[in-house]
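Here is a guided look at a protein chain and its ligand. Please keep the sequence and the 3D view open beside you as you read.

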Amino acid sequence: MQVTWYDRIGKEKIRKLIRDFYAEIKNDEVLSPMYKGDFEEAEERLYLFMVQYLGGPDLYNRQRGHPRLKMRHADFLIDEKAKMHWLANMKNALDRSDIGEEEKDFLWSYFQQTASFLKNH
Ligand code: HEM
């Protein structure tokens, strides 16, 4: 059986990473207005998405349908500044995590690539 990134990282560490990330977002003067105060639900969505992306249960798809991330971000102005803020918040959360180094590297390059892909301005 194939060992997934989800198996290697574990859902508790994914949960903590996303929780710490949203704690950063809440205090981010550029990004927090975009989330319109709906942090708990947004946290759950990103958590379920990451679980699924990393090879865990596909609860995201079952609750939200196909991710279509580009389309779902189209209403938000994502320029270089917003992208850098998003990534800086995620970097802080990763730095505080005890996820293994190899897994952290994998996550970090995925976040960088996806953030660049989602830029729309
Ligand atoms: C580049 C900077 C980014 C900005 C400014 C941004 C902003 C946002 C905002 C404002 C939302 C709506 C919150 C909600 O109600 O769920 C959202 C949702 C979401 N974002 Fe991002 N995002 C960024 C990058 C990313 C990246 C890199 C990923 C994936 C690794 C991602 C994954 C998601 C997911 C899965 C949702 C929930 C979609 C849904 O089911 O509706 N975002 N994002």
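This is a predicted model: local features need pLDDT of at least 70, side-chain atom pairs count only at pLDDT 80 or more; totals for chains, interfaces and linings use all residues.

## Ground rules

Numbering starts from 1 along each chain as its sequence is written.

## Overall fold

The protein chain has seven helices and zero strands; here helices (H or I, at least four residues) and strands (E, at least two) are DSSP runs, numbered from the N terminus. Read from the N terminus, the order of elements is α-α-α-α-α-α-α. The radius of gyration of the protein chain is 14 Å, close to the 14 Å that the globule rule gives for 121 residues, so the chain is as compact as a globular protein of that length. That radius is taken over C-alpha atoms, and the globule rule is 2.2 Å times the number of residues to the power 0.38.

Along its principal axes, the C-alpha trace spans about 40 × 30 × 25 Å. Buried residues make up 17% of the 121 residues. A residue is called buried if 20 or more other C-beta atoms lie within 10 Å of its own, exposed if 12 or fewer, and partly exposed in between, with C-beta atoms placed from the backbone. Of the contacts with a separation of 6 or more, 74% come from residues 24 or more positions apart; a contact means that the C-beta atoms of two residues, placed from the backbone, lie within 7 Å.

## Helix α2

Helix α2 (residues 11–26) has 16 residues and reaches 22 Å from its first C-alpha to its last, close to the 22 Å expected at 1.5 Å a residue. The expected span is 1.5 Å times one less than the number of residues in the helix.

Which residues of α2 are buried? They are I14, L17, I18, F21, Y22 and I25. These residues cover an arc of only 130° around the axis, which puts them on the same side of α2; the arc is that of the directions from the helix axis to the C-beta atoms. On the other side of α2, E12 and R19 are exposed. The packing partners of the buried residues of α2 are α1 (5–9), α3 and α6.

## Helix α6

Helix α6 also deserves a look: it has 16 residues and reaches 22 Å from first C-alpha to last, close to the 22 Å expected at 1.5 Å a residue. Its buried residues are A82, W86, N89, M90 and A93. Seen down the axis of α6, they fall within an arc of 95°, so they line one face of the helix.

E80, K81, M84 and D95 are exposed on the other side of α6. The buried residues of α6 pack against α2 and α7.

## Around the ligand

Now turn to the ligand. Of the 21 residues around it, A42, F49, W86, T114 and A115 come nearest, where a residue is near if its C-beta atom, placed from the backbone, lies within 6 Å. The elements that give two or more residues to this shell are α3 (39–53), α5 (69–72), α6 (80–95) and α7 (101–118).

By class, the shell has 14 nonpolar, two polar and five charged residues. Ala, Val, Leu, Ile, Met, Phe, Trp, Tyr, Cys and Pro count as nonpolar, Asp, Glu, Lys and Arg as charged, and the others, Gly among them, as polar.

V51 lies in helix α3 and is buried, with 20 other C-beta atoms within 10 Å. Leaving aside its neighbours within four places in sequence, V51 is in contact with Y6, K11, I14, G56, P57 and L59. K104, in helix α7, counts as partly exposed with 16 C-beta neighbours inside 10 Å. Not counting residues up to four places away in sequence, K104 touches L94 and I99. The C-alpha atoms of K104 and L94 are separated by 7.0 Å.

Finally, R68 lies in the loop between α4 (59–64) and α5. R68 has a positive phi of about 35° although it is not a glycine. Most residues other than glycine have a negative phi. With 10 C-beta neighbours inside 10 Å, R68 counts as exposed.
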